[in-house]
Amino acid sequence: MPVHRGTAHAAAALDRAAVALASGRHVMLYAEGRIPPRRDSAENPPEAFRTGLARLALATGAQVVPIGRAGARRITSGGRAKQLAGVLTAPIRRPGLHVHIGAPLTLPADVAEATALAHGAVTEAWRTAAGALGEPAALGVCGRPVEAPRSRRR
């Protein structure tokens with residue numbers, strides 16, 4: 001479901017997601033409100049979450065399943081030429097990818113608390129995925145996990 005940020009249609013994306021959930025479909029969204037841009041293939045923890053995920057879960061009663069993924073940027077990152085080169089050479093390079101699916105969460109009724117809980121769970125899932133690939137960003141300094149950024153309210 002496309003989200004047309006900065007327009008009057010942006011909120012309609014959550015309405016469409018609620019309809020999809022009510023009809024038994026699954027919905028996956030990036031709670032940061034975007035896929036964080038990078039020019040390189042390095043991993044970073046999830047950015048601060050917007051409140052849409054929590055509001056959607058609270059409105060529909062849906063559980064949230066935290067998913068962490070790592071390694072996709074090794075295939076496509078950077079500008080168009082670099083992305084094309086990455087896709088074309090991936091079968092030869094065989095970059096590692098890892099996805100970690102965490103336990104389903106039922107979020108609390110407070111939107112700020114629910115957003116923070118979801119962010120923490122997704123960050124842990126990301127750390128598990130990135131750690132499985134030996135990504136330095138998941139390990140932090142001296143092998144200690146890095147702290148994720150605080151969730152922001154919106």
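**A look at the pockets**

A: Let's start with the largest pocket, which has a volume of about 790 Å³. Keep in mind that this is a predicted model. Its lining takes in 33 residues, and the ones nearest the centre are Met28, Leu29, Tyr30, Ile67 and Val122. As for secondary structure, α2 (52–60), β1 (67–70) and α4 (111–132) each give two or more residues to that lining. Sort the lining of the largest pocket by class and you get 21 nonpolar residues, eight charged and four polar.

Now for the second largest pocket, with about 670 Å³ of space. Here 25 residues do the lining, and Val3, Ala10, Ala13, Leu14 and Gly33 are the closest to the centre. Helix α1 (12–22) supplies at least two of the lining residues, and so does α2.

Gly68 and Ala70 make up the covered face of β1, while Ile67 and Arg69 are on the uncovered one. Ile67 is also among the residues that lie nearest the centre of the largest pocket. The partner of β1 is strand β2 (residues 98–101): the two run antiparallel and are joined by four bridges. Within that pairing, arginine 69 has its bridge partner in valine 99 of β2.

Then there's helix α3 (residues 80–93). With 14 residues at 1.5 Å each, α3 should span 20 Å, and its end C-alpha atoms are 19 Å apart, so the two figures agree. That said, α3 does bend, by about 35° at valine 87, with proline 91 following within four residues.

Of the 154 residues in the protein chain, 28% are buried, taking buried as under 20% relative accessible area.

Definitions and conventions
Residues numbered from 1 in each chain as written. Predicted model: local features only at pLDDT ≥ 70, side-chain atom pairs only at ≥ 80, totals over all residues. Heavy atoms only, no water. 1 Å grid on protein atoms, 1.4 Å probe; cavity = no way out; pocket = protein on both sides within 12 Å on 5 of 7 lines; lining within 4 Å. Points joined across faces, edges and corners; volume = space filled by probe spheres on them. Nonpolar A, V, L, I, M, F, W, Y, C, P; charged D, E, K, R; others polar. Expected span 1.5 Å × (residues − 1). Bend = angle between axes of the 7 residues up to and from the residue. Buried < 20%, exposed > 50% of the residue type's maximum accessible area, 1.4 Å probe, protein only. Pairing = 2+ DSSP bridges.
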